[in-house]
Amino acid sequence: MADASIVKAMAKAMEMMAEKTSAATVEREVAMATVAEKAPVTAQRHVRTDLEAKLPKPYMPRAMVAPDTENVNGTWGHKHNNMSVLQQHAAFFDQDGDGIIYPWETFRGFRDLGFNMIATFIFVFLIHVAMSYPTSPSWLPSIFFPIYIQNIHKAKHGSDSATYDTEGRFIPANLENIFSKYALTVPDKLTLKEIWCMTEANRNAFDFFGWTASKLEWGALYMLAKDHEGFLSKEAVRRCFDGSLFEYCAKFRKSATRKMD
């Protein structure tokens with residue numbers, strides 16, 4: 001009888017342990033879930049759950065490099081010059097390297113990238129009107145509308161992809177999630193329609209400036225870097241964030257012009 005009682009007690013204890021283990025497993029699954037049944041949008045826009053296997057600490061903002069799962073150390077050969085990733089993005093347009101971008105420098109930069117005169121004038125006007133005063137170290141505005149690279153993080157707008165944080169660092173996970181959520185036609189490539197859907201999804205309420213700025217920025221990037229099939233690749237987007245794409249495109253266009261001459 002005693003042995004039977006012991007066996008019964010042990011069986012009951014094991015059953016309770018199994019139930020606790022099962023409950024703990026369910027709790028872990030719920031805690032790590034990326035889809036909520038009553039929020040269909042969470043099922044429509046997938047987020048990556050495998051990033052840590054391919055990129056160390058993908059959710060940690062990087063100050064000076066823009067890595068992804070294929071380029072864990074950022075852009076090979078690109079010099080960061082101890083600037084934040086957002087500062088590097090803007091530095092291409094600083095033609096004389098003095099840390100200040102004037103409208104005529106932005107004009108030359110866009111022309112070097114191959115944009116026509118009309119588009120260049122529009123971009124120069126919008127960029128400097130929007131970014132000059134927020135980046136200025138003075139309370140008094142300048143009639144020359146300069147953009148100060150040191151303070152470029154102050155010109156960050158809302159309704160964006162949040163791949164830059166508010167200090168101008170780069171968040172790899174947010175770059176990867178752009179493509180896991182919206183690249184539905186070809187993995188790691190965006191169509192123009194998918195870019196539109198992304199900018200619509202990123203809209204913050206009543207952020208009219210952010211809505212417009214985001215569409216203009218992504219539209220300009222699409223014009224600059226789309227491939228012959230009309231896709232914008234993840235590599236092009238990543239290199240846009242650290243500015244190395246601008247350097248590459250300007251050098252490529254200059255080389256092509258020389259060959260034609």
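**Figure 1. Contacts across the whole chain.** Take the contacts in the protein chain that link residues at least 6 apart in sequence: 53% of them join residues at least 24 apart. A contact here means heavy atoms within 4.5 Å. This is a predicted model, where local features need pLDDT of at least 70 and side-chain atom pairs count only at pLDDT 80 or more, while totals for chains, interfaces and linings use all residues. Residues are numbered from 1 along each chain as its sequence is written, and side-chain values use heavy atoms, with hydrogens and water left out.

The chain has 10 helices and four strands, and from the N terminus its elements read α-α-α-β-α-α-β-α-β-α-α-β-α-α. Helices (H or I, at least four residues) and strands (E, at least two) are DSSP runs, numbered from the N terminus. Of the 261 residues, 38% are buried; that label means under 20% relative accessible area, with exposed over 50% and partly exposed in between (1.4 Å probe, protein chains only). The protein chain exposes about 16,300 Å², and carbon and sulfur atoms supply 62% of that. Accessible areas come from the Shrake-Rupley method with a 1.4 Å probe; for residues, only the protein chains shown count as cover.

**Figure 2. A nonpolar patch on the surface.** Here you're looking at I118, I122, F125, L126, V129, F145 and L216, which together have about 650 Å² of accessible area. To join a patch, a residue needs over 30% relative accessible area and no salt bridge; nonpolar side chains (Val, Leu, Ile, Met, Phe, Trp, Tyr) are joined within 5 Å, like charges within 9 Å. A salt bridge, for the record, is a side-chain nitrogen of Lys or Arg within 4 Å of a carboxyl oxygen of Asp or Glu. Helix α5 (residues 117–135) gives the largest share, five residues. V129 sits in helix α5, and it counts as partly exposed because its relative accessibility is 44%.

**Figure 3. Helix α9, mostly covered.** Six of the eight residues in α9 (residues 234–241) are buried. They are K234, A236, V237, R238, C240 and F241. After α9 comes G243, with a positive phi near 85°.

**Figure 4. G243 and its surroundings.** Now for a look at G243, in the loop between α9 and α10 (244–260). G243 counts as buried because its relative accessibility is 0%. Leaving out residues up to four places away in sequence, G243 touches Q88 and H89. A91 is 152 residues from G243 in sequence, yet their C-alpha atoms are 7.4 Å apart in space.
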